[in-house]
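Here is a short briefing for a first look at this structure. Start with one residue, then step back to the whole chain and its parts.

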Amino acid sequence: MNKQFYITTAIDYVNGQPHLGHAYEKIVADVIARSRRSLGQEVFFLTGLDEHGQKVQQAAVAEGKTPQAYCDKLAADWQAFAKKLELTNDDFVRTTDPRHKEIVQAGLAKVYQAGQIYKKTYSGFYSTKEETFLTEKDRRPDGTFDPSYGEVIELQEENYFFKLNAHQQWLIDYLAANPTFVQPDHRRNEVLGFLKNNELEDLCISRPAARLNWGIPLPFDKDFVTYVWFDALVNYISIAAAHGDPTVLSALSPSARTHPSPLYLWPADIHVIGKDIVKFHAVYWPIMLKAMGLPLPKQILVHGWWQKDGAKISKSTGNIVDPIAVIDEWGLDAFRFYVLRELDIGPDGNWTDAGFKSRYQAELANGLGNLVNRSLSMLKRYRNGVVPAKHDELAAAAAKVADETRALLKQNQLQSALQSIWGLVTRANQYVDQTAPFKLAKDLAQAKRLDEVLYNLTETCRVLAVLLWPFLPGTAVKIYAQLGLTGTPDKLDAATWGGLPAGRKIGEPAPLFPRKEDR
Ligand code: MSP
């Protein structure tokens with residue numbers, strides 16, 4: 001069996017509200033997953049939820065629920081959110097799943113046996129709100145700690161630590177030798193810079209169960225639970241193990257029962273994450289994997305953060321974009337289009353309602369929507385909806401864009417691929433204006449020319465549906481249906497010019513992106 005193309009997203013904190021940032025990351029991963037499938041690869045796409053920790057425990061208590069019941073209710077909302085975004089994820093991990101906990105414990109046991117975990121007494125400052133230890137370095141110039149840490153107490157406590165420090169040079173060498181391990185380049189340079197200029201401190205991976213019990217017990221000391229990152233990051237391998245991945249199983253549970261139909265997933269091809277969690281993925285995670293005897297993921301792909309109207313997205317200030325409300329008002333594909341077209345993977349982005357409306361109007365309604373609607377309406381009106389004989393006037397332009405799109409998708413250049421595809425939309429709209437089929441239709445002597453023009457336009461719409469499928473799946477399917485084609489335009493091979501057979505009768509044209517006033 002072949003190894004699948006394995007792509008993951010960060011797992012969201014279950015107690016947060018799904019917002020623009022979460023939606024963006026999941027859509028980016030979904031477009032990459034769909035693109036690879038369209039290119040003919042077998043893909044496994046994983047997303048899910050991070051459910052342990054003190055905040056969840058406290059929120060559950062405040063609602064008079066058990067933490068599990070509290071998580072179950074929120075998880076249902078997050079799963080509905082994934083459906084709303086039409087994510088094509090193959091599994092949905094929750095860190096409270098027994099299949100996940102089992103692998104976290106197996107991983108910890110292995111690392112402990114390998115002598116990479118030790119116990120020591122910590123004494124110093126601790127933020128109960130952020131569940132984190134603070135050092136003198138965290139003090140502000142006036143000596144206080146940032147108010148976001150809440151109450152800071154002095155604490156003396158035993159905990160388990162994972163040896164990071166001993167692996168620092170190994171990681172520097174690995175990053176230097178593997179320039180695409182962290183992408184884009186400036187993120188890789190940041191990580192290398194950080195590693196070269198700071199000495200890594202060993203990572204505290206436990207909390208006493210007496211203080212925090214909503215976590216996975218350490219397999220070698222039941223008085224402690226696993227602290228977040230040694231739990232959360234492991235989702236990427238625990239789900240591979242749950243599907244019988246032989247690489248993970250042989251490293252972590254050699255005695256595991258054999259799986260009837262194992263998937264070959266690990267190492268992951270891409271972890272898609274936001275810029276705030278690079279250190280965990282590019283520093284802690286590789287060292288954890290090394291200690292567990294597992295290969296490293298091929299790439300960590302880091303996206304930027306969205307703001308709204310130039311300011312931080314924040315529930316408390318009310319500066320939010322509610323993806324569900326936008327989708328309900330404008331449609332999922334309008335939302336997917338805006339975030340992917342507006343922001344390349346890497347830099348930070350800024351959502352404005354005016355920018356959203358302007359792209360909707362110019363690029364979707366007047367660009368793609370108008371092209372498809374007028375092309376198919378003219379075919380209906382002038383040729384009773386029957387596709388004329390093949391003609392190749394726009395074939396070269398379409399082939400060029402299809403080749404470009406294919407190449408860009410292989411490099412995860414989603415924004416550039418959309419730009420290229422819109423080049424074809426614009427070209428075809430110009431073609432309508434230049435050839436003026438509405439004039440040709442008035443002159444019987446121009447019947448053959450009109451046939452040619454109508455074929456070129458209709459076939460361009462079909463090619464566009466194929467190219468757009470990873471980005472705007474609903475729209476692509478609608479275009480296919482309006483062309484009278486059955487099935488889904490989900491294979492890029494179908495973008496080859498001439499796929500539309502002469503003599504076929506198209507379906508009913510209908511606006512893809514109605515103007516707001518028409519709704
Ligand atoms: N639970 C951890 C991740 C564990 S991964 C093993 C976490 N959760 S989170 O809910 O806070 O964030 C989930 C993802 O959403 C992260 O990749 C984060 O960068 C991303 N975003 C959160 N806010 C964002 C924006 N405003 N813009 C873009 N992405 C943002 O961190």
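G423 is partly exposed in this predicted model. Its relative accessible area is 36%. That value counts as partly exposed because buried means under 20% and exposed means over 50%.

**Around G423**

- G423 sits in helix 15, which covers residues 414-435.
- A397 is 26 residues away from G423 in sequence.
- In space, the C-alpha atoms of G423 and A397 are 9.1 Å apart.

**The chain as a whole**

- The chain has 519 residues, and 55% of them are buried.
- Its secondary structure comprises 18 helices and 17 strands.
- Along the principal axes, the C-alpha atoms fill a box of roughly 95 × 50 × 45 Å.
- Consider the contacts between residues at least 6 apart in sequence: 76% of them join residues at least 24 apart.

**Two domains**

- The domain assignment gives domain 1 as residues 5-303.
- Domain 2 is assigned to residues 352-495.
- The centres of the two domains, taken over C-alpha atoms, are separated by 43 Å.

**Where the domains meet**

- How many residues of each domain are in contact with the other? Domain 1 contributes 13 residues, and domain 2 contributes 13.
- The size of an interface is often given as the accessible area lost when the parts come together.
- Between domain 1 and domain 2, the buried area is about 1100 Å².
- Carbon and sulfur atoms give 62% of that area.
- On the side of domain 1, the residues that lose the most area to domain 2 are R34, S38 and L39.
- Together, R34, S38 and L39 account for 48% of what the domain 1 side buries.

**Polar links and make-up of the interface**

- Salt bridges between domain 1 and domain 2 number zero.
- Five residue pairs are in polar contact between the domains, counting pairs with both residues at pLDDT 80 or more.
- Which helix gives the most to the side of domain 1 that touches domain 2? Helix 1, residues 20-38, does, with eight residues.
- The residues on this side of domain 1 include six nonpolar ones.
- Three others on the domain 1 side are polar, and four are charged.

Methods:
Residues numbered from 1 in each chain as written. Predicted model: local features only at pLDDT ≥ 70, side-chain atom pairs only at ≥ 80, totals over all residues. Heavy atoms only, no water. Domains from an automatic or database assignment. Contact = heavy atoms within 4.5 Å. Buried area = accessible area lost by both parts, 1.4 Å probe. Salt bridge = Lys/Arg side-chain N within 4 Å of Asp/Glu carboxyl O. Polar contact = N/O pair within 3.5 Å; in protein donor to acceptor, adjacent residues only side chain to side chain. Helix = DSSP H or I, 4+ residues; strand = E, 2+ residues; numbered from the N terminus. Nonpolar A, V, L, I, M, F, W, Y, C, P; charged D, E, K, R; others polar. Buried < 20%, exposed > 50% of the residue type's maximum accessible area, 1.4 Å probe, protein only.
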